[in-house]
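Hi,

Here is the structure I promised to pass on.

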Amino acid sequence: MTNRIKLSFIVPVYNVEDYILDCLKSIIFQKCEGYEIIIINDGSTDNSQSIIENYVKNMQNVQLINKENEGISVARNIGLQNANGEYVCFIDSDDFYKIDFAQHFLDICYQYDLDIIRGIYGIYDDESKQYLPHEIPNMTYVNTVLKGKDFLLYSINEHSNEVVPWLGFYKKEFLIKNNLFFPEGISYEEDQIFFLEAILNKKCKIYQTNIEFYAYRKRNGSTTKTPTLKQVEDIIYVVNNENRIVQSLSLEEK
C-alpha cells in the first residue's frame with residue numbers, strides 16, 4: 001500500500017455559501033485512491049469559510065488556505081503550488097461533479113502517460129434545479145492520444161473547442177516544468193491563455209473522452225453574467241496574448 005497522492009482537487013472559493021457544500025460533497029463522492037482537496041478561500045465575505053471549516057474539520061486529506069481577495073487566477077496558482085498530487089484537477093466552487101469519474105480518468109492518464117485528459121460538461125439551471133439541454137458536437141477525435149496542436153485543430157474544425165480549465169486533469173510536473181500558470185491581474189477569460197499555452201506546448205499529450213462528468217451551474221449574479229468595463233479590458237488582453245502565442249509558434253493558417 002502506498003500513501004502517495006495521485007490527484008489534487010483545487011477549489012478556489014469566493015462568496016459561494018449556497019453552493020460550496022454541493023461542490024465538496026461531489027468531490028468526497030469520488031471513489032479515487034490517494035487524493036487530496038486544496039481549498040483556497042479568496043477573501044470571502046459571506047459564510048463560505050465557516051461552512052467549509054465545519055465540513056472538513058475531521059478530514060485529513062484537506063488543505064484550507066484562507067487569504068485576502070486577489071482573484072481566481074491567484075487562487076488557482078496558489079492551489080497548484082501547494083498541490084502534492086501527480087495530477088491536478090480544477091473545479092469552480094459553485095459547480096459540482098455529476099458522476100464518480102476520477103479513478104477512471106486517472107487510469108487513462110497512467111495508461112498513456114498523459115499531460116492532459118478532458119471530458120464533457122452538462123449545464124445545471126440553479127433556478128429550475130434541472131439539467132438543461134446541452135448540444136455536444138460529434139467529436140471524431142475522442143478516446144485517442146493526440147498532440148496538443150492536433151487536438152486544437154480537431155476541436156476548432158469540429159466546433160467543440162472548450163478552453164475552460166475544469167474539464168479534466170493536468171499532470172502537475174508538466175505544468176510546473178513548463179511554467180504554466182494562470183495569468184494574474186485579470187479575472188475574465190483568464191483560462192483561455194492558460195489552456196492555449198498548455199496544449200500548444202510541443203510535448204503535450206492530450207486525450208479527449210466522451211464522458212460527461214461535470215455540472216456547470218447556471219445562476220443569476222455569477223461573474224460571467226454581469227459584464228463590466230474591466231471584463232472588456234481583460235478580453236482585449238487575452239486576445240492580444242492569444243495572437244502572440246499563435247504567432248510565436250508559426251502555426252499553419254488553418
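Which residues are linked in a network of salt bridges? They are Asp22, Asp126, Lys129 and Arg217. By salt bridge I mean a side-chain nitrogen of Lys or Arg within 4 Å of a carboxyl oxygen of Asp or Glu.

Before the rest, some housekeeping. This is a predicted model, where local features need pLDDT of at least 70 and side-chain atom pairs count only at pLDDT 80 or more, while totals for chains, interfaces and linings use all residues. Residues are numbered from 1 along each chain as its sequence is written, and side-chain values use heavy atoms, with hydrogens and water left out.

**Salt bridges**

Searching the whole structure turns up eleven salt bridges. (Helices, H or I with at least four residues, and strands, E with at least two, are DSSP runs numbered from the N terminus.) Both Asp126 and Arg217 are buried; buried means under 20% relative accessible area, exposed over 50%, and partly exposed in between, with a 1.4 Å probe and protein chains only.

Next, Arg76 pairs with Asp92, with 3.0 Å between the closest N and O atoms. Here too distant parts of the chain are linked, with Arg76 in helix α3 and Asp92 in the loop between β4 (87-90) and β5 (96-97), 16 residues apart. Arg76 counts as buried because its relative accessibility is 2%, and Asp92 does so at 16%.

Then there is Lys171 with Asp113, where the closest N and O atoms are 2.6 Å apart. Are the two partners buried or exposed? Lys171 is buried, with a relative accessible area of 13%, whereas Asp113 counts as partly exposed at 43% relative accessibility.

**Around strand β2**

Strand β2 (residues 35-42) is mostly covered, with eight of its eight residues buried. Tyr35, Ile37, Ile39 and Asn41 point one way, and Glu36, Ile38, Ile40 and Asp42 point the other way.

β2 runs parallel to strand β1 (residues 7-13), and seven bridges join them; two strands pair if DSSP finds at least two bridges between them. Ile10 has Ile38 as its bridge partner in β2. β2 also runs parallel to strand β3 (residues 62-67), joined by six bridges, and the partner of Asp42 in β3 is Lys67.

What lies between those strands along the chain? β1, helix α1 (residues 20-28) and β2 make a right-handed β-α-β unit, and β2, helix α2 (residues 48-56) and β3 make a right-handed one as well. Right-handed here means that, with the strands pointing away from the viewer, the path from the first strand over the helix to the second runs clockwise.

**Cores**

A nonpolar core is a set of buried Ala, Val, Leu, Ile, Met, Phe, Trp, Tyr and Cys residues joined through side-chain atoms within 4.5 Å. The largest has 38 residues, of which Leu7, Val11, Ile27, Ile39, Tyr97 and Phe169 touch the most other members. α4 gives the most to this core, with five residues. A second, separate core of 33 residues includes Ile65, Ala75, Leu180 and Cys204.

**Two polar spots**

Ser73 lies in helix α3 (residues 72-82) and counts as buried, at 1% relative accessibility. A polar atom of the Ser73 side chain lies 2.9 Å from the backbone oxygen of Pro183.

Glu158, in the loop between α5 (148-157) and β9, counts as buried at 17% relative accessibility. Its side chain makes a polar contact with that of Thr140 at 2.4 Å. (A polar contact is a pair of N or O atoms within 3.5 Å; within protein, one must be able to donate a hydrogen and the other to accept it, and residues adjacent in sequence count only if both atoms are side-chain atoms.)

Cheers
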